[in-house]
Each structure stands twice: as structure tokens, then as C-alpha cells.
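This report describes a protein model from its overall make-up down to individual side-chain pairs. The sequence and structure are shown first.

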Amino acid sequence: MGAGHDHGHSHAPAGRTATAAYVGRLRVALSITLTVMVVEIVGGIVADSLALVADAAHMATDALGLGMALLAIHFANRPPTGNRTFGYARAEILAALANCLLLLGVGGYVLYEAIQRFVTPADTEGGLTIVFGAIGLVANMISLTLLMRGQKESLNVRGAFLEVAADALGSFAVIVSAAVILTTGWQAADPIASLLIGLMIVPRTFKLLRETLDVLLEAAPKDVDMTEVRTHILELDGVEDVHDLHAWTITSGMPVLSAHVVVRSDVLSAIGHEKMLHELQNCLGDHFDVEHCTFQLEPVGHAEHEAHLCH
């Protein structure tokens, strides 16, 4: 946990971002996605299956999203500079935002094409569609296994995970629709499966978009209760008040907190600034997972002095 002194102190959090640990798995998932995309495009054309083509289109955005995630990791782990004190850590969040926009675009496209297929039905080859759909499902399950752990720690990886998860569900829907066509001849099963794929994509994307925007808008981390943080700080002996208390997230796995802590002069004189800072750090470290904290220790009445200077 970072430290501060009586007039503030800051430094960039050390170490890699949460996503960096999953570079190898993202690369494998990208290779699998590109391979299956080509297979499904061929299968969709040969079997005249919109569901397969829709799933292939989604996989194309998955591949682009995975590529952006890897590129973002490269930038996010570049060292800080004088002008960019946190480096390019936010690149991962921007990649997650781009993934959301891609997912929404693909979901809209799939829904539109499914409606068009209802208007102009096609003769889908059920047997071939099942074969290609099964290949896609197996490949997606492998990618999901690779990304399962990382999606809990990084919004960037979660975006990739959700894309692959939607693909897996899409492949399953393709198989079911093809089986219906093969056994009953009901061609409407193909556009219905496409509609389901589109409807599965959109809600998950909005959830990821909301979390991504929370980071960009510098909302408090979802697992940090600011009221509790304030309460814990005020419970320390000698602390009279806390103001300018802020917590936000630079990128996944990199929460930051800053605060102005008003401490009685007699307490500061008795224990010293360093011990007071240690107590603040230990207080938050025992209850909250915050990577980097900055405290400004102030005597009683200093806040009014700051307010006067601002005017």
C-alpha cells in the first residue's frame, strides 16, 4: 500500500496490470477463434445457414476484441512518464469499451439478419450445420476454460470471456436449430436460433459497458464502501475529520484512494507523522483491498485555510 506525508505523496502502483498475467491464454484463445471463424464461414456458405454465418460474424468481432485486448496490455504495461504518471494503464479499459461497442454492433446485425430471414426463408442444410456448429462449440469451450480465471480479475479479459461465452451459446443454438431442421424440416429454426444469439449478446454487453463506464467516470470500486472507509479512518485515535476522500480505479486490479485526514496537533506531536501514516495504512489494509493510498495529514482548522486560499 502506498504512503503519503502531511502534504501528500503519490507514485504509480508498481507491477503489471491484472490482465498481463493472461497474455498467453489470450493469444491461444485468439488463435482458436480465428480458426473457428474461418471454419464457420465456410460451413455457413456451404450449408446456407444464417445461424452459422451470424456466429462466424460474432467470432470475427471476438478476434478483433482479443487482438485489442492484447494490444492494450502491451501499452498498459509501459512504464509511467512525467506526463503520464500512471503510464497507459487505462488502455485496457478503453479496449473493454471498444469490445462493448463491437458486441452491440454484432448483436444488432444478427437480430436484423434474423428478421430478414423470416421475411425471405432459406433452405438450410441441417446435417452440415450440426458438424460445423459442434466444431465451434468445442473450440469455444476450450477458450472459455483458458479465460475463466482471468475474467474475475480484469474487465479487459472479462470482455473477451463474454464474447467467447456468447459464441459458445451461439454454437449450441446453431446445433439445436440444425437438429430441428434435420428432424422436422422446419426452416424457421435457423433464424430463431440467430435471434437467440443476438439476444444473448446484448444484456451481457450492457453489464460490461456499465462496469467499464464506472471506471472511466472514476466511480468508487464496487468492493469498496466509502462510508465504511470514512468510519474506519475516523475511529483512529486523534483523527478529528476526513475530507476530500476519493477512491477510483485506474484499471482492473489497480484501485487508488486519497484523503485529507485532520489530526489533533497533540497526537501528531506525540506519535509523529510517520506512525500516524502507518496506522492509517494498516487500518485500510486490514479491511479494504486498495493498491495505492495517498494521505494528507492536516491540523485542525487547516481545511478552512485551504478554502480561503481557493477564494
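## Basis of the model

The model is predicted; local features need pLDDT of at least 70 and side-chain atom pairs count only at pLDDT 80 or more, whereas totals for chains, interfaces and linings use all residues. Residues are numbered from 1 along each chain as its sequence is written, and side-chain values use heavy atoms, with hydrogens and water left out.

## Overall architecture

The protein contains nine helices and three strands; helices (H or I, at least four residues) and strands (E, at least two) are DSSP runs, numbered from the N terminus. Read from the N terminus, the order of elements is α-α-α-α-α-α-α-β-β-α-β-α.

Of the 311 residues, 49% count as buried, a class defined by under 20% relative accessible area, with exposed meaning over 50% and partly exposed in between (1.4 Å probe, protein chains only). A contact means heavy atoms within 4.5 Å. Among contacts between residues at least 6 apart in sequence, 76% join residues at least 24 apart.

## Surface and nonpolar patch

The accessible surface of the protein is about 14,600 Å², and carbon and sulfur atoms account for 62% of that area. Accessible areas come from the Shrake-Rupley method with a 1.4 Å probe, and for residues only the protein chains shown count as cover.

A nonpolar surface patch is formed by Phe118, Trp186, Ile192, Leu196 and Leu199, which together have about 490 Å² of accessible area. Patches are made of residues with over 30% relative accessible area and no salt bridge; nonpolar side chains (Val, Leu, Ile, Met, Phe, Trp, Tyr) are joined within 5 Å, and like charges within 9 Å. Helix H6 (residues 189-216) gives the most to the patch, with three residues. Phe118 belongs to helix H3 (residues 91-119) and counts as partly exposed because its relative accessibility is 37%.

## Salt bridges

Side chains of opposite charge can pair when their charged atoms come close. The structure holds five salt bridges, each defined as a side-chain nitrogen of Lys or Arg within 4 Å of a carboxyl oxygen of Asp or Glu. In one of them, Lys207 pairs with Glu211, with the closest N and O atoms 2.9 Å apart. Both residues lie in helix H6, four residues apart, about one turn of the helix. Lys207 is partly exposed at 43% relative accessibility, whereas Glu211 is buried at 15%.

Helix H8 (residues 265-287) holds Glu279 and Lys275, also four residues apart, about one turn of the helix. Their side chains meet in a salt bridge (2.7 Å, N to O). Glu279 is partly exposed at 23% relative accessibility, and Lys275 is partly exposed at 42%. Elsewhere, salt bridges that share partners join Glu240, Arg264 and Asp266 into one network.

## A polar contact at a buried histidine

His260 is placed in strand E2 (residues 255-263). Its relative accessibility is 17%, so His260 counts as buried. The side chain of His260 is joined to that of Glu298 by a polar contact of 2.7 Å. A polar contact is a pair of N or O atoms within 3.5 Å; within protein, one must be able to donate a hydrogen and the other to accept it, and residues adjacent in sequence count only if both atoms are side-chain atoms.
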